[in-house]
Amino acid sequence: MVTDNRLVEDPPEPMVDMSAWEVLGVPKEVQRGLSEQSFTTPTPIQTLSLPPAIFHRRDIIGAAETVRFRGKTLAFGIPILTHILGHKSNQEAGETTENTTKNNATEATETGNGTSKLKKPLLALIMTPTRELVIQIKNHLKQAAKHTSLEIVAVVGGMAPQKQQRLLNKCPEIIVATREDPCRLEHLRYLVIDEADRMVEQGHFQELSSILELIQRKRQYEGTAKRRHLQKFIFSATLTLPKSFKRKGK
């Protein structure tokens with residue numbers, strides 16, 4: 001700021017109290033993204049769901065009003081961001097010289113093929129019934145993950161194959177979708193079914209059922225020695241699931 005021909009430093013921005021998020025286990029990078037959106041206090045659904053999801057990796061079934069959409073999205077999104085960041089941090093810290101050498105060789109090979117970065121597995125799949133919800137969820141998560149290196153993309157029905165392939169070539173850790181290419185689910189660690197009531201309505205049930213069956217088969221194929229815990233989040237405004245879906249036991 002300039003006053004009376006003198007340069008005066010702008011006053012520092014006031015510190016935002018994010019302690020309410022910190023006690024819930026939210027990492028600093030995500031806290032920063034939340035702070036920039038003025039989200040300083042968790043909503044009731046976030047306060048209830050974050051501790052068991054983050055600290056104990058429990059499956060979560062949540063009911064939240066649609067009008068509080070962003071609160072519901074972050075209730076399942078923040079635990080996923082937190083765990084993936086922790087996974088990446090542990091992976092980087094635990095790298096051996098042998099692994100680094102292998103990675104360098106792989107990177108050199110892929111660079112020669114026109115790809116400049118290593119392929120990363122898909123870790124989280126968020127399914128929701130409409131294109132509008134897909135875009136909203138992706139945008140909210142990207143804002144929360146703004147100060148991280150995580151890649152989040154949206155895949156919807158009717159998308160041009162070339163565009164979809166360009167998005168998948170980014171090797172995102174998180175995909176938000178109305179549908180998903182099933183061949184990439186072998187490393188999945190987090191599954192979200194948002195607006196569950198609508199996802200099991202006619203027109204979505206068969207596709208959702210097929211994906212759940214595929215995930216189950218892949219996990220059985222891995223065997224108990226290699227099987228990873230698949231953390232599940234089921235969210236909806238009312239959670240009045242039809243009996244036919246409940247009987248499937250999934």
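Reader: Is Phe76 buried or exposed, and at what relative accessible area?

Author: This is a predicted model, in which local features need pLDDT of at least 70, side-chain atom pairs count only at pLDDT 80 or more, and totals for chains, interfaces and linings use all residues. Residues are numbered from 1 along each chain as its sequence is written, and side-chain values use heavy atoms, with hydrogens and water left out. Buried means under 20% relative accessible area, exposed over 50%, and partly exposed in between (1.4 Å probe, protein chains only). Phe76 therefore counts as buried, its relative accessible area being 0%.

Reader: Which parts does the aromatic pair of Phe76 and Phe235 tie together?

Author: Rings of Phe, Tyr and Trp (its six-membered ring) pair if their centres lie within 6.5 Å; planes under 30 degrees apart count as stacked, over 60 as edge-to-face and the rest as tilted. Phe76 and Phe235 are edge-to-face, at 5.5 Å centre to centre with 65 degrees between the planes. Helices (H or I, at least four residues) and strands (E, at least two) are DSSP runs, numbered from the N terminus. The pair ties together parts 159 residues apart in sequence, because Phe76 lies in helix H4 (residues 69–93) and Phe235 in strand E8 (residues 231–236).

Reader: With which side chain does the side chain of Thr128 make a polar contact?

Author: Thr128 is in the loop between strand E4 (124–127) and helix H6 (131–144), and it counts as buried at 0% relative accessibility. A polar contact is a pair of N or O atoms within 3.5 Å; within protein, one must be able to donate a hydrogen and the other to accept it, and residues adjacent in sequence count only if both atoms are side-chain atoms. At 3.5 Å, the partner of the Thr128 side chain is the side chain of Asp194.
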